[in-house]
Amino acid sequence: MLETIKNTANRLAQPDILFWVLPMMMALIVLGTVAQKSIGLFAAQQEYFGSFFLMLGPIPVPAGLSIMGVFLVNLLCKFVMKSEWTWQKSGTIISHFGVLLLVFGGLMTALTSKEGFVMIPQGGSSTIVEDYHARNLAIRSDTETLLTIPHEHLENGMTVSDPKIPFTLSIDKYCFNCTITSRPENLQQGWERPGIFMMLNKAPAESQDEKNLTGIEFSITGTHGVDGKYLTFDGFPKPPTLVVNDKPYTITIERARRELPFSIELKEFKRALHPGTDMASAFMSQIIINDKEQGVSFPATIEMNEPLRYRGFTLYQSSFDLNGEVPYTILAVVENKGRLFPYIASILIALGLIIHLGLRIANRIKSRTEENAA
Amino acid sequence: MKTRFLSLLVIFLSILFMAASPLWAKDDDTHHEQKPFAMAEFGQLPILHDGRIKPLDTFARTQLIRFSDKDHIEHMPAITWLATTLFDPGNASELKIFRINNENLRHLMGLEERKKPLYAFVEITEGLEKTFPTVEKLMSENPQNISSDQKDLLTLHENALEYTQILRSLSLLLPLNVTVPEKWAKELPTLSTRSVNFLTLKKIDAGIQDEIKQIIKRKGQNPVKYTPNEQMTAVLGWQIKMIADAAEGNNLFRVIPDPWDERNTDEKNTGQKSGEWISPWELVQSGKGSPRTSEFLDLWTALGSNWSQLDDKAWHDNSKKLLALGNHSTRLEIFYNKLQPFFTSTIFFALSFLLALIALTFNQTKYIWVLAGGVLAIALGLQGLGLVARVLVLERPPVGTLYESILFVGFVAPFFAALMELRMKNMLGFLSAGFMGIGVGLLALSMAEEGDTMKVLTAVLNTQFWLATHVLCITIGYGWCLVTSVLSHIMLLGQATGKLDRPTLKNLTHAQGTLALTALLFTATGTILGGIWADQSWGRFWGWDPKENGAMLIVLWLIWIIHGKIAGQFSKLAVTMGLSFLSVIVGTAWIGVNLLGIGLHSYGFIEGLFWGLGVFTVGEMILIGGLAWMIQRKKQEGTTPDAA
């Protein structure tokens, strides 16, 4: 058994695997980069780099995860089975170990990291992190969330009913990316506000995922008095609220949310411009972290390239919105357990290569001196 | 789009204004060309433009390049052109500075054909007016649906708009051809009509407008009923209003520190850090004046009269005074503009390349080695000087834009090749250095046509630390890659022509291995540092952005070749071919991915570069393939030392 494992590991450590994996990786990178032009970064990332296989026409070919998997196994086996643990090879060993750490860190990041953003008005505070991509249909009563359904599960003709909600919701039209137009008068029959005036139309998906406006048109039945046709969509400031048995039920399409264990208060958002232009030279949010669990409260400043790290969360100055009455700051919130790996890996890879180069040059000088002496 | 519409409306009005009434006193001839003024101090005067303080000399060059593709008109340097435009708009608008290369556009504008397609503003005004409705329609079009002819038309209108802004920048200070009724003339500080300008008229404007209202109240709107004096008052009132309206939003010529900007009023920072600066028109129309700004306006007014009176000495003195008042040294940039270090260095690179080639052809390496080395040192010195000047002017590390990365590679790649030569002493290092200096230098020169290359950076790039680490590291990596590629080309060429002997080949093969490893060290470290910057900036180490992918492609290519060589999967010839082809991989990763027009590092699609890169790739494939074929044939014939 041990012998078989050893033999297999030896085979997997062979350089011919690397020899074939690398061009495949390069081809994948070229294809995945060019594809971004047409399908956008997020979709290309998912399709080419974040999956095991992709279809090139009718032919399935290995994608990022399987290629990186083979690369990792090959490198790991080579590192364990074939490394020559000598001083002369120390540079190579250190560099290879650095690459292993880098790929391993990448794997951990892919598996564990969570990204989202928090939007805070100046003078206000928030604990809610919204996802960049995942959208949900949510039904709430006041602040209590009664039901959420991920948007991937939504489809035309789908019926939603639940003991917690006193009505049935049937989806008449679902569009991952909608455009909004005004509803012609002859089609307004049976519609409640605001759907009586506006309608959703299916549109091709935007290449930049964040730009997709997800929405539904739906019918409500089973109530006494508020049955009718409604619509709602992502980011709609006035989503339909139905009052049934004196209780309000709000139906929204929203970004998937999670709660932070602390709140972030925005004291001030500042934007500095290059003089005489509209071009920003810096963005800055002055915030206060209020952490009731830990009984801590402290001010902090988040700037471009200068994030705040607290309790495993890293908060970055990502964007802003100055269109409203008060400025809003948009902070990216990232939890990533693998974030230290690239730092260590880069030091090791560089160090290994420097040692390797140094030894190579030293050997060369030595052999020249010997040649000259001879 | 609305702003653009308003802007275009302004130009439309300006054109009408221009055509209708040449209000400014026009200098009677073009004597400034015969007796050039001392422009040194004037060229140094600071102006806030595109987010940074720069000398008027740079502003003049940038604008003239924008209109005419050249930084001078025949014998007139850009700064003289600017002074003429500012102080003698009447004559300036007859200078042929608008280059219209598009034949269809020339036809559309009703312009005559010329050997050089350069036209004066007065020649294109009619066409601009005629095409304004088309432009108005184009503004509501999706930019993707606009043809290249239409794009050229839009650009011409935008340029004309910019030009009228410059033309009117000092219209408030210039002597006007107006008649002031006696009653009002008495209230002016000077009675000489020749020196009456908008600023002096502004002092009596309120009274004139009041009087016009009274006249209209008494006699109605029809001027025929007015007395000659009343008519004169009405015309003057209308003229003042026309000048003010035409200059509405004239904020391009920011030559006066905003007295209310705290960065300018803070004594410690005065003249050091650029706060907001404003244009003379903005100053007057916003009512922001202060005693200090009056000094600025007075000196600019004085310059105006010195110019029209051809008073060279007073001009020189007043320029000096204005320079002292602005308290912002721009000398270094003037020196940079004059030296044109990257153009001059390319010439020296070419010279060193030629010398190396001659030496190799005639086997005369002894003296020419020193000469070629000296010329190369001058080229590198100039290139380095240019980079240092940019660092000092922009107060940031040398690479922040694609153009700057080209300049930097233009220094490091030849420098590394020169270092290599110091070890090998076979002229091949100088040959490579010269070759790369010319190639990268020409690429930089073609990119510099866009105008001012010293640009301020967006917020995410505005970080000294990462510009100094990641960006320099990856750019140095590109440099090493190019050296590796050029050396590999030389190895192929040497073997294919049978010019390389065995010991030299052995030396080169070893150097090639070291170079490839060094290139890997810098590109790999630079790529990972880029990831770390991304992690610091927005929380993700790797995002598959085109530029990141490009950098990774170089790293993977190098790893592939190096490992293929170690494991024996690649023959020596294949390794040399692979490393030669590194030039294409670097070209694609460095410049090519920007052409996709997506991602964080995108600089937009540049058609010329796209085709250039395509031709380069195909050319390299043919060259490398051809040389390899020749080597194989020689090997079969047994006339080559050992295919490397």
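A pocket is defined on a 1 Å grid over the protein atoms alone as an open set of points where a 1.4 Å probe fits, with protein on both sides within 12 Å along at least five of seven lines, and its lining residues are those with an atom within 4 Å of a point. Grid points are joined across faces, edges and corners, and a volume is the space filled by probe spheres set on the points. In the present structure, which is a predicted model, local features need pLDDT of at least 70 and side-chain atom pairs count only at pLDDT 80 or more, whereas totals for chains, interfaces and linings use all residues. Residues are numbered from 1 along each chain as its sequence is written, chains are lettered from A in the order in which they are written, and side-chain values use heavy atoms, with hydrogens and water left out.

The second largest pocket holds about 1,300 Å³ of space. It is lined by 39 residues, of which Phe353(B), Phe435(B), Val486(B), His489(B) and Ile490(B) are the closest to its centre. Among the elements of chain B that give two or more residues to this lining are α18 (341-361), α21 (428-447) and α22 (464-497); helices are DSSP runs (H or I, at least four residues), numbered from the N terminus. At least three lining residues come from each of domain 3 (340-457) and domain 4 (492-644) of chain B, the domain bounds being taken from an automatic or database assignment.

Aromatic rings of Phe, Tyr and Trp (its six-membered ring) pair if their centres lie within 6.5 Å, and planes under 30 degrees apart count as stacked, over 60 as edge-to-face and the rest as tilted. By this rule, 46 aromatic pairs are found over all chains. The pair of Tyr48(A) and Phe49(A) is tilted, because the ring centres are 6.4 Å apart and the planes stand at 50°. In chain B, Trp557(B) and Trp560(B) form an edge-to-face pair, with 5.5 Å from centre to centre and 65° between the planes. Both tryptophans lie in helix α24 (residues 546-566) of chain B, where they are three residues apart, about one turn of the helix.

Trp557(B) and Trp560(B) are both buried, a term that means under 20% relative accessible area, with exposed meaning over 50% and partly exposed in between (1.4 Å probe, protein chains only). Leu520(B), in helix α23 (residues 502-538) of chain B, counts as buried because its relative accessibility is 8%. Between Leu520(B) and Ile554(B) there are 34 residues of separation in sequence and 8.3 Å in space, C-alpha to C-alpha.
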